Amino acid sequence: MTHNDLKRTITQALDEMKKEQGDTFDLKEINLAELERRTGISRAKLRRLKSQGFVFKEHGRKGLKAKKTVLTGYEETINTFLSKGVSNSNVLYDYIKGEGYTGGLTTLKEYISSHKHLLPPKRQIVSSQGNRGRRYKTNPGEAYQMDWGFVNVDNGSGGEYRAACFAMVCHHCGKRFIEFFPNARQESLFIGMLHGFEYMGVPEYVLTDNMKSVVIGRDEDRHPIWQKDYEVFMDAVGFKTKLCKPRHPFTKGKVERLVRFVKTNFLAYRTFNASSSLIRVLAKSSITRTSGETYRRFNRGISICFISEINSNIRQYMVLWSFLHASEASALAM
């Protein structure tokens, strides 16, 4: 029974006894046995309250906090992450645990909740736009979602460099592929898509934005006009492309969330050296929700690559590769 419930219960019982006894009611001569029967509170506790005149006081140590807690010594590290916009409790927990933290995740979550003022301000929407998205389902191997995301990567020597993150996710099962490039040019897109298809298979169609490396405009009937090299590449590999409505990211929310995972979780405190020609990392990680809480589970694969150098002739090679395979496909069909 909480403090407010205790006060409410005793006050109601005293009011009832006062109405029944009338002018003969005396708080100092209250029958504790009858009050115990009405409230269900022990007589010892009622006797203590009676000695205080039934005045309900707060606990003497309410509001006091220990000078030293299990988080002592890690506040500055956590505050640094919060000031950079990293508020993911799992990321912070993994980091400070490596620094020697012996407490639990709940303590860290409570600290983050009480220090949200350290987070950078978010963009404010002037007026609510309402729900503009609808859930939809696809069959296995039917659709992939594809997108670019630009991230700042720590090089381990106190500096940062800009990298383009290519992300692809299966809309049906959630299988994911991530690859990092120094830019988001079309040759980088082709390499990322080929590696993604090698890892997950070729779908019926890919859902993506209206990027210039994919589509260059619309015809009179509002049908997409594909970029020439991309159209040849698409026909050679054997998949179709569907475009999202402009300024409508809800259509491919799975890959948008994957890019956010990379920015706020995967790259939160990791460092990568940009001088290496190819770093390939295979990681197993996923986010699942149970009873409203977010946990990390090591049960679903994510293939992660990092490429810092690309041959200047790769574009010509990819176009030539597409034309050769298109010719072979035409010959087989005949």
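**View 1. Arg37 and Glu34 pair within helix H2.** Arg37 and Glu34 sit three residues apart in helix H2, so about one helical turn separates them. Their side chains meet in a salt bridge at 2.5 Å, N to O. A salt bridge here is a side-chain nitrogen of Lys or Arg within 4 Å of a carboxyl oxygen of Asp or Glu. Arg37 is exposed at 59% relative accessibility, whereas Glu34 is partly exposed at 22%. (Buried means under 20% relative accessible area, exposed over 50%, partly exposed in between; 1.4 Å probe, protein chains only.) Helices (H or I, at least four residues) and strands (E, at least two) are DSSP runs, numbered from the N terminus.

This is a predicted model, in which local features need pLDDT of at least 70 and side-chain atom pairs count only at pLDDT 80 or more, while totals for chains, interfaces and linings use all residues. Residues are numbered from 1 along each chain as its sequence is written, and side-chain values use heavy atoms, leaving out hydrogens and water.

**View 2. Arg38 and Glu20 join helices H2 and H1.** The side chains of Arg38 and Glu20 form a salt bridge of 2.6 Å, N to O. Arg38 lies in H2 (residues 32-39) and Glu20 in H1 (residues 3-21), so the pair ties together parts that are 18 residues apart in sequence. Arg38 is partly exposed, at 26%; Glu20 is exposed, at 55%. Glu16, Glu20, Glu34, Arg37 and Arg38 are linked in a network of salt bridges. The whole structure holds nine salt bridges.

**View 3. Asp147 and Lys252 form a salt bridge between buried residues.** Their side chains meet at 3.1 Å, N to O. Asp147 is in strand E1, and Lys252 is in the loop between strand E7 (240-243) and helix H9 (253-266), 105 residues apart. The relative accessible area is 7% for Asp147 and 0% for Lys252.

**View 4. Strand E2 pairs with E1 and with E3.** E1 and E2 pair in the antiparallel sense over eleven bridges. (Two strands pair if DSSP finds at least two bridges between them.) Trp148 stands opposite Phe166 in E2, and Ala164 stands opposite Phe181 in E3. Each hairpin has five residues between its strands. Gly156 takes a positive phi near 85 degrees in the E1-E2 hairpin, as does Gly174 in the E2-E3 hairpin. Nine of the eleven residues of E2 are buried, so the strand is largely enclosed by the rest of the structure.

**View 5. Phe166 belongs to the largest nonpolar core.** A nonpolar core is a set of buried Ala, Val, Leu, Ile, Met, Phe, Trp, Tyr and Cys residues joined through side-chain atoms within 4.5 Å. This one has 26 residues; Phe166, Met168 and Leu189 are among those that touch the most other members. Helix H7 (186-200) is one of the elements giving two or more residues. H7 gives the most, with six.

**View 6. Helix H4 has buried residues along one face.** In H4 (residues 75-83), Ile78, Phe81 and Leu82 are buried. Seen down the helix axis, its buried residues fall within an arc of 100 degrees, so they line one face. (The arc is that of the directions from the helix axis to the C-beta atoms.) Just after H4, Gly85 takes a positive phi of about 90 degrees.
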